Amino acid sequence: MTTTGTQAYGEAWYWDNRYSNEPGSFDWYQKYPTLAPIINLYIPHSQHILVVGSGNSAFTEGMVDDGYMDVVNIDISSVVIEAMQNKYRDRPHFKYIKMDVRDMSPFESGSFGAIIDKGTLDSILCGNNSRQHATKMLEEVWRVLKDNGVYILVTYGAPLYRLRLLRDSCSWIIKLHVIEKLASEDKSDNNPVWELTKPVPLNDDGNSVDEALGQNPDVHYIYICTKEIK
């Protein structure tokens, strides 16, 4: 049986083919300017940062232009890593490494102060043995994070579908923010369902989110997962 459609999102060959056929820059879910207030809120500019599943996104370029000078990008696709290395060969702040987020053994434990994931966990959850692979990914994210470091997960997955996975994998301290799916970079133009930098009330099962936002809000969810060692 061949793997087709979104089921292939966890496979390197799928992304190699996609980036070969669609070389133009593409950002999943949100671009840097709309998420910058959250990034600035939780990640000091001095942090050593990892972006997982970076693809050919302009997100890291936005971060560097905003003063984040220590950003490492990994992706499972050798095609896109080579393309990005070539694109930024004259800008040494841009580091791109081919790596599977489920096995980041080249990185020592506690290497990064922050990890940003915009759609990578979602992609893995589309594939076969998704729960097993997602847990491996989250355990590796936990391992390479410093104590008190943050994993910022941007996802379409509501708390009903993400909280248990996050909590079962590791001992995260979790806050939740939300942003409209079609968020505007022009702040004056926004009338958000919830203020971006204000955490949404989050109880154990996530029902409090429905109470705050209503049923099926048209948002992306931003989970701020802190590696707090007690």
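These legends describe close-up views of a predicted model.

**Figure 1. Seven strands build an open sheet.** The strand order is β3-β2-β1-β4-β5-β7-β6. The pairing is mixed. Strands β3 (94-98) and β6 (173-180) stand at the edges. Each has a single partner strand, so one side of each is left without a neighbour in the sheet. From one strand to the next, the twist averages 20 degrees.

**Figure 2. Strands β6 and β7 pair in the antiparallel sense.** Their pairing runs over 8 bridges. Which residue in β7 is the bridge partner of Lys175? The partner is Ile224.

**Figure 3. Helix α6 packs on the sheet.** This helix covers residues 130-144.

**Figure 4. Helix α7 lies across β5, β6 and β7.** Follow α7 (159-169) alongside β7 (219-226). The helix runs at about 15 degrees to β7.

**Figure 5. Helices α1 and α4 pack against each other.** Two packed helices are described by the angle between their axes and the distance between the axes. Helix α1 spans residues 12-21, and helix α4 spans residues 78-87. Here the angle is about 45 degrees, and the axes are 7 Å apart. That makes α1 oblique to α4. Which residues of α1 meet α4? They are Asp16, Tyr19 and Ser20. On the α4 side, they meet Ser78, Val79 and Val80. The residues of this contact divide into 3 nonpolar, 2 polar and 1 charged.

**Figure 6. The largest pocket has a volume of about 300 Å³.** Its lining has 16 residues. Closest to the centre of the pocket are Ala158, Tyr161, Asp210, Asn216 and Tyr221. Which elements give two or more residues to this lining? They are α7 (159-169), α8 (207-213) and β7 (219-226). By class, the pocket lining divides into 9 nonpolar, 4 polar and 3 charged residues.

**Figure 7. The largest cavity holds about 240 Å³ of space.** The structure has 2 cavities of 30 Å³ or more. Lining the largest cavity are 18 residues. Those closest to its centre are Trp15, Gly53, Ile76, Thr120 and Ser123. Elements α1, β2 (71-75) and α5 (120-125) each give two or more residues to the lining. Which of the elements gives the most? It is α5, with 3 residues. The lining of this cavity divides into 9 nonpolar, 5 polar and 4 charged residues.

**Figure 8. The second largest cavity has a volume of about 40 Å³.** Look for its lining residues: Gly10, Glu11, Arg102, Ile124, Gly127, Asn128 and His133. By class, this lining has 1 nonpolar, 4 polar and 2 charged residues. Glu11 and Arg102 are the charged ones. Ile124 is the nonpolar one.

Technical notes
Residues are numbered from 1 along each chain as its sequence is written. This is a predicted model: local features need pLDDT of at least 70, side-chain atom pairs count only at pLDDT 80 or more; totals for chains, interfaces and linings use all residues. Side-chain values use heavy atoms; hydrogens and water are left out. Axes are lines fitted to C-alpha atoms, for helices over the stretch in contact, and angles run from 0 to 180 degrees between N-to-C directions. Helices (H or I, at least four residues) and strands (E, at least two) are DSSP runs, numbered from the N terminus. Angles under 35 degrees count as roughly parallel, over 145 as roughly antiparallel, 65 to 115 as roughly perpendicular and the rest as oblique. Contact means heavy atoms within 4.5 Å. On a 1 Å grid over the protein atoms alone, a cavity is a set of points where a 1.4 Å probe fits but cannot get out, and a pocket is an open set with protein on both sides within 12 Å along at least five of seven lines; lining residues have an atom within 4 Å of a point. Grid points are joined across faces, edges and corners, and a volume is the space filled by probe spheres set on the points. Two strands pair if DSSP finds at least two bridges between them.
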